[in-house]
Amino acid sequence: MDIKVLGTGCAKCRAVEKEVKEVVSELGIDASVEEVKDMAKIIQYKVMMTPGLVIDGKVVCSGHVPSKNDVRKMILEAKG
């Protein structure tokens, strides 16, 4: 699973990254978690408000910090 956290490195972006890493660890999922700070790359995902969360190429959240429970649901749904 490929997970990207889109953002400039602000506190909200770091919070999303932390939640994602915690959930991936708790679920024991084989996933790469990457932080994307390049605005040109972020815009390619059509995300206008950060933080953004992309799982396997699909934007699943943008513009707010999802709860840890929501992150868990998004990852499990993407896993199928």
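**Salt bridges and strands**

Me: Hello! How many salt bridges does the structure hold?
Reply: This is a predicted model, where local features need pLDDT of at least 70 and side-chain atom pairs count only at pLDDT 80 or more, while totals for chains, interfaces and linings use all residues. Residues are numbered from 1 along each chain as its sequence is written, and side-chain values use heavy atoms, with hydrogens and water left out. A salt bridge is a side-chain nitrogen of Lys or Arg within 4 Å of a carboxyl oxygen of Asp or Glu. The number of salt bridges held here is seven.

Me: Which strands stand at the edges of the sheet?
Reply: Strands (E, at least two residues) and helices (H or I, at least four) are DSSP runs numbered from the N terminus, and two strands pair if DSSP finds at least two bridges between them. Four strands form an open, mixed sheet in the order β2-β1-β3-β4. One side of each edge strand lacks a neighbour because it has a single partner; these strands are β2 (32-36) and β4 (58-62).

Me: Is Lys-4 buried or exposed?
Reply: Lys-4 forms a salt bridge with Asp-2 at 3.1 Å and another with Glu-34 at 2.9 Å, N to O. Buried means under 20% relative accessible area, exposed over 50%, partly exposed in between (1.4 Å probe, protein chains only). With a relative accessible area of 13%, Lys-4 is buried.

Me: Which residue of β2 is the bridge partner of Lys-4?
Reply: β1 (residues 2-6) and β2 pair in the parallel sense over five bridges. Within β2, the bridge partner of Lys-4 is Glu-34.
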